[in-house]
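Subject: Handing over a structure

Dear colleague,

I am passing on the structure we spoke about, and below it you will find some notes on what turned up when I went through it. Please look at the structure before you read on.

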Amino acid sequence: MIIVVLGPPGAGKGTQSDLLAKELDLPHLSTGDLLREAIANRTPMGRLAQPYMDRGELVPDDVVIALIKERLVQGHPPTGAILDGFPRTVAQGHALNEMLAELGRRVDWVIYLSVPTEELLERITGRYVCPRCAATYHLRGSPPRTPGVCDVCGAALQQRPDDRLDVARRRLTVYFEQTAPLIDFYRRQGVLTEINGEQSIDAVFADELAAIPPRHR
Ligand code: ADP
Ligand code: ADP
Ligand code: ZN
């Protein structure tokens, strides 16, 4: 099953994708995590992507499309995947449909996490992430057991440079301009489920499990 998790920055895409990946035994593919890894490893792609990410703008379509194609189509294509943060433009949505069609596959299900803007800024500015294993915490909502230390792997937690208020605001604007049109794009394809993301992490997850399309249960 190919699942796309769609929603604004801070909606809980990463958090819910992790839970779904465990529950459904599917790989979790986050373009944001892959790009941050490329930056940390100082690869040419990382060097290209960093200035866009620092400004809160989208990395060019061809770069992220190639990144996803590498994982989804080339070599041994996985039987399914949870796509977190891809697609983020309608052009990326078309590219995804085309690469899946080559494999005789399609996007099976899109989860759209809707959360009001004020809540998004509160979530983004309180977010702490693990640079080693990408686990995500929140200063108040879901703090680690030991302050500043990852529960999963013990690494020192960090704040993302693009989670500062000014960059976060820019990311939200970019989301409304370039990513939100994907809501209608997938609604028209009949694969979109809107989930109320303004609930506890467990309640959001329970709503998702209850909404899995019947033929995939
Ligand atoms: P995204 O991947 O959409 O940017 P994250 O999953 O990283 O979002 O979540 C953003 C921040 O909000 C993190 O600090 C996370 O711990 C927190 N968070 C995630 N889901 C919820 C929720 N349902 N309620 C409150 N805080 C949440
Ligand atoms: P969030 O969901 O909190 O916005 P992500 O980790 O998904 O954060 O993305 C962080 C940044 O990585 C984005 O602001 C953008 O610069 C870049 N990025 C991630 N995915 C894409 C994509 N599909 N297309 C273009 N840029 C992307
Ligand atoms: Zn960790």
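Which helix gives the most residues to the shell around ligand 2? Please keep in mind throughout that this is a predicted model. The answer is helix 2, spanning residues 31-40, which contributes four residues to that shell. Altogether 20 residues surround ligand 2, and the closest are Lys13, Thr31, Glu57, Arg88 and Arg171. Sorted by class, the shell around ligand 2 holds eight charged, seven nonpolar and five polar residues.

A polar backbone atom of Gly85 is 2.9 Å from a nitrogen atom of ligand 2, while an N or O atom in the side chain of Arg88 is 2.8 Å from an oxygen atom of the ligand, and a polar side-chain atom of Arg160 lies 3.1 Å from an oxygen atom of ligand 2. Taken alone, ligand 2 exposes 550 Å², of which the protein buries 97%.

Leaving aside residues up to four places away in sequence, Tyr186 touches Val4, Leu6, Pro87, Gly93, Leu96, Val107, Val110, Val191 and Leu192.

With best wishes

Notes
Residues numbered from 1 in each chain as written. Chains lettered and ligands numbered in written order. Predicted model: local features only at pLDDT ≥ 70, side-chain atom pairs only at ≥ 80, totals over all residues. Heavy atoms only, no water. Near = heavy atom within 4 Å. Polar contact = N/O pair within 3.5 Å; in protein donor to acceptor, adjacent residues only side chain to side chain. Areas by Shrake-Rupley, 256 points an atom, 1.4 Å probe, with all protein chains shown as cover. Helix = DSSP H or I, 4+ residues; strand = E, 2+ residues; numbered from the N terminus. Nonpolar A, V, L, I, M, F, W, Y, C, P; charged D, E, K, R; others polar. Contact = heavy atoms within 4.5 Å.
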